[in-house]
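Here are my notes on the model you sent. Please read them with the structure open.

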2 protein chains.
Amino acid sequence: MSDAALWSALADPHRRAIVALLLERPRPVGEIVEACGLSQPGTSKHLKVLREAGLVRVRQDAQRRVYALDPAPIAALDAWLAPYRRLWNSSLDALGRRLDETSDDSDDRRESLTPKD
Amino acid sequence: MSDAALWSALADPHRRAIVALLLERPRPVGEIVEACGLSQPGTSKHLKVLREAGLVRVRQDAQRRVYALDPAPIAALDAWLAPYRRLWNSSLDALGRRLDETSDDSDDRRESLTPKD
DNA sequence: CAGTTATATGCCTGTCAAGGAATGCAACCC
DNA sequence: GGGTTGCATTCCTTGACAGGCATATAACTG
């Protein structure tokens, strides 16, 4: 459910840009406005979406609101991605074979499953 | 650029469901229609979006079109995710400290960077 | 060739999200 | 306290997208 919020939050390029900005360091809204070239209200709205998706957190510093990334939702994305890793960890040939055979689903015997990093 | 197509393709829950279906094995359209409970035209349109995002490939088998996952775009997602991994590999305390200090960016000394698997 | 199966495309409508402009609100400064 | 700074919220308009129905297209069947 909040899965949907996460994906649709990240579907917007401006919001991905904001997230990337916040990866470097937490920033107040003004800085984000300047960086992403949107109007201040527009930026605030994007921040609200990110907030409601749980992707960012706010800390109040006088009149400023300093936004920072929350790792959890991105970790959730990583978890979503996990089952797909075998697709490119195993040789692409395997996919080709599946395309050809469509029936042999017992090919758990893959290459070496070496962690990609 | 095609990055945008990838994200917006995956932003839709039905399309994520289709992608998950195709992770198990390639499937003809009919099967996908049945599985995701949409009309056949609706399903076909989702498949078109996935196709144009590069997420799936089609193989023609008589009158059938068998769809299969293409690993590349999902790998791209994984690559996008990579810079964020440090966020949850390192202790969450580190994030807390950044929230408090906002200036000390030289905290490359993290915990153990143990691969999450 | 006529009919059927399997999929794609077009058209239409309702919904929703993005972005701008104006305004509201809270905390600071003199 | 009055003005200012920093951000959020509201209203509005416009454009994009989802989903249904009808229809086109392509390949198989007899």
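1. Among contacts in chain A between residues at least 6 apart in sequence, 46% join residues at least 24 apart. Contact here means heavy atoms within 4.5 Å. This is a predicted model, where local features need pLDDT of at least 70, side-chain atom pairs count only at pLDDT 80 or more, and totals for chains, interfaces and linings use all residues. Residues are numbered from 1 along each chain as its sequence is written, chains are lettered from A and ligands numbered from 1 in the order in which they are written, and side-chain values use heavy atoms, with hydrogens and water left out.

2. Make-up of chain A. Chain A has 7 helices and 3 strands. Helices (H or I, at least four residues) and strands (E, at least two) are DSSP runs, numbered from the N terminus. Along the sequence the pattern reads α-α-β-α-α-β-β-α-α-α. Of the 117 residues in chain A, 44% are buried. Buried means under 20% relative accessible area, exposed over 50%, and partly exposed in between, with a 1.4 Å probe and protein chains only.

3. One residue to look at. Ala17(A) sits in helix 2 of chain A. Is Ala17(A) buried, partly exposed or exposed? Ala17(A) has a relative accessible area of 34%, so it counts as partly exposed. Ala17(A) and Ile32(A) are 15 residues apart in sequence, and their C-alpha atoms are 9.4 Å apart in space.

4. The sheet of chain B. Three strands of chain B form an open sheet in the order 1-3-2, with antiparallel pairing. Strand 1 and strand 2 of chain B are the edge strands, and each pairs on one side only. Two strands pair if DSSP finds at least two bridges between them. In general, strands of a sheet pair through backbone hydrogen bonds, either parallel or antiparallel.

5. Strand pairs in chain B. Strand 1 (residues 27–28) and strand 3 of chain B pair over 2 bridges, antiparallel. In that region, Pro28(B) stands opposite Val66(B) of strand 3. Strand 2 (residues 56–61) and strand 3 of chain B pair over 6 bridges, again antiparallel. Asp61(B) stands opposite Arg64(B) in strand 3. Strands 2 and 3 of chain B form a hairpin with 2 residues between them. Check the turn: Ala62(B) has a positive phi of about 60° there.

6. Helices across the sheet. Helix 2 (residues 13–24) of chain B lies across strand 1, strand 2 and strand 3 of chain B. Helix 2 runs at about 90° to strand 3. Helix 4 of chain B lies across strand 2 and strand 3, at about 120° to strand 2. Axes are lines fitted to C-alpha atoms, for helices over the stretch in contact, and angles run from 0 to 180 degrees between N-to-C directions.

7. DNA strand C. Which residues come nearest to DNA strand C? Of the 22 residues around it, they are Arg15(A), Lys45(A), His46(A), Ser44(B) and Tyr67(B). A residue is near a strand if one of its heavy atoms lies within 4 Å of it. Of the atoms of DNA strand C within 4 Å of the protein, 57% belong to sugar or phosphate and the rest to bases.

8. Phosphate contacts on DNA strand C. The side chain of Arg15(A) places an N or O atom 2.6 Å from a phosphate oxygen of DNA strand C. For the side chain of Ser44(B), the distance to a phosphate oxygen is 2.3 Å. Helix 4 of chain B gives the largest share of this surface, 6 residues.

9. DNA strand D. Of the 24 residues around DNA strand D, Ser44(A), Tyr67(A), Arg15(B), Lys45(B) and His46(B) come nearest. Sugar and phosphate account for 58% of the atoms of DNA strand D within 4 Å of the protein. A polar side-chain atom of Lys45(B) lies 2.3 Å from a base oxygen of DNA strand D. Helix 4 of chain A gives the largest share of the surface near DNA strand D, 6 residues.

Notes: Polar contact = N/O pair within 3.5 Å; in protein donor to acceptor, adjacent residues only side chain to side chain.
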